[in-house]
Amino acid sequence: MGQCTLYRLKFDQFLNTIPTIGFNCEKIKWTTGKSRGTRFMFWDVGGQDKLRPLWRSYTRFTNGIVFVLDSVDVERMEKAKMEVLKIRKLWILVLANKQDLPRAKSTHDIEKHLGLKELGSHHLWHIQPACAIIGDGLGQGLEVLYDMIITARQSKKKR
């Protein structure tokens, strides 16, 4: 998830962090919007190559995935695409971070780079432009993820 993003959500302020080496876990009670009062359990799982095989263990019983992407680092987007296409969860929120920077890719470009349409129609996904430093887009992204999860649960009950 990214420590900067995680702690921006938890404390609603910027905390200067280093890249995640292992795993961080935070329970966050959301205080605004439709998801007000909802408790989210976030796992910030490091993105180093050695840790990626462990991701499946942490995503097995999740309701959704928040995938934080550096919108400027085009070179790493191919690697990110490989990881996104491995995700088996049906609900994916891509936080297109660093949208405040001049070379940040648009959500349309990121959609193409990640090949999100390749996931198929049974996956729900959303790309949210964001800036974790100032918090732009984070709340809106969580609201969309919350809506995806609630909608999917309701359609399951109707079956």
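Because the model is predicted, local features need pLDDT of at least 70 and side-chain atom pairs count only at pLDDT 80 or more, while totals for chains, interfaces and linings use all residues.

**The whole chain**

Begin with the chain in a cartoon view, where you will find five helices and five strands; helices (H or I, at least four residues) and strands (E, at least two) are DSSP runs, numbered from the N terminus. Followed from the N terminus on, the elements run α-β-β-α-β-α-β-α-β-α. Of the 159 residues, 42% count as buried, where buried means under 20% relative accessible area, exposed over 50% and partly exposed in between, with a 1.4 Å probe and protein chains only. Among contacts (heavy atoms within 4.5 Å) between residues at least 6 apart in sequence, 62% join residues at least 24 apart.

**The three-stranded sheet**

Next select β3, β4 and β5, which form an open sheet of three strands in the order β3-β4-β5 with parallel pairing; two strands pair if DSSP finds at least two bridges between them. The edge strands are β3 (65–70) and β5 (124–129), each pairing on one side only. Neighbouring strands of this sheet are turned by 20 degrees against each other on average, direction ignored; for such angles, axes are lines fitted to C-alpha atoms, for helices over the stretch in contact, and angles run from 0 to 180 degrees between N-to-C directions.

Six bridges join β4 to β5, and β3 and β4 also pair in the parallel sense over six bridges. To see individual partners, pick Leu95, which is the bridge partner of Val68 in β4 and stands opposite Gln128 in β5, and then Val94, whose bridge partner in β5 is Ile127.

Stay on β4 and show its side chains: seven of its seven residues are buried. In a regular strand the side chains alternate between the two faces of the sheet. Here Trp91, Leu93, Leu95 and Asn97 point one way, and Ile92, Val94 and Ala96 point the other way.

**Helices α3 and α4**

Where they touch, Met77, Ala80, Lys81, Val84 and Leu85 in α3 meet Ile110, His113 and Leu114 in α4. The residues of this contact divide into six nonpolar, one polar and one charged; Ala, Val, Leu, Ile, Met, Phe, Trp, Tyr, Cys and Pro count as nonpolar, Asp, Glu, Lys and Arg as charged, and the others, Gly among them, as polar.

**The nonpolar cores**

A nonpolar core is a set of buried Ala, Val, Leu, Ile, Met, Phe, Trp, Tyr and Cys residues joined through side-chain atoms within 4.5 Å. To find the largest one, which has 19 residues, select Leu9, Phe42 and Leu145, the residues with the most contacts inside it. The elements that give two or more residues to this core are α1 (3–11), β2 (39–45), β4 (91–97) and α5 (138–158), and the largest share, seven residues, comes from α5. A second, separate core of 15 residues includes Val84, Ile87, Val94 and Ala96.

Select Phe67 in strand β3, which counts as buried at 11% relative accessibility. Phe67 and Glu83 are 16 residues apart in sequence and 9.7 Å apart in space, C-alpha to C-alpha.

Move on to Gln140 in helix α5, which counts as partly exposed at 47% relative accessibility. The C-alpha atoms of Gln140 and Gly33 are separated by 8.7 Å, although these residues are 107 residues apart along the chain.

End at Lys98, in the loop between β4 and α4, which at 33% relative accessibility counts as partly exposed. Most residues other than glycine have a negative phi. Phi of Lys98, however, is near 70 degrees, a positive value.

Key. Residues are numbered from 1 along each chain as its sequence is written. Side-chain values use heavy atoms; hydrogens and water are left out.
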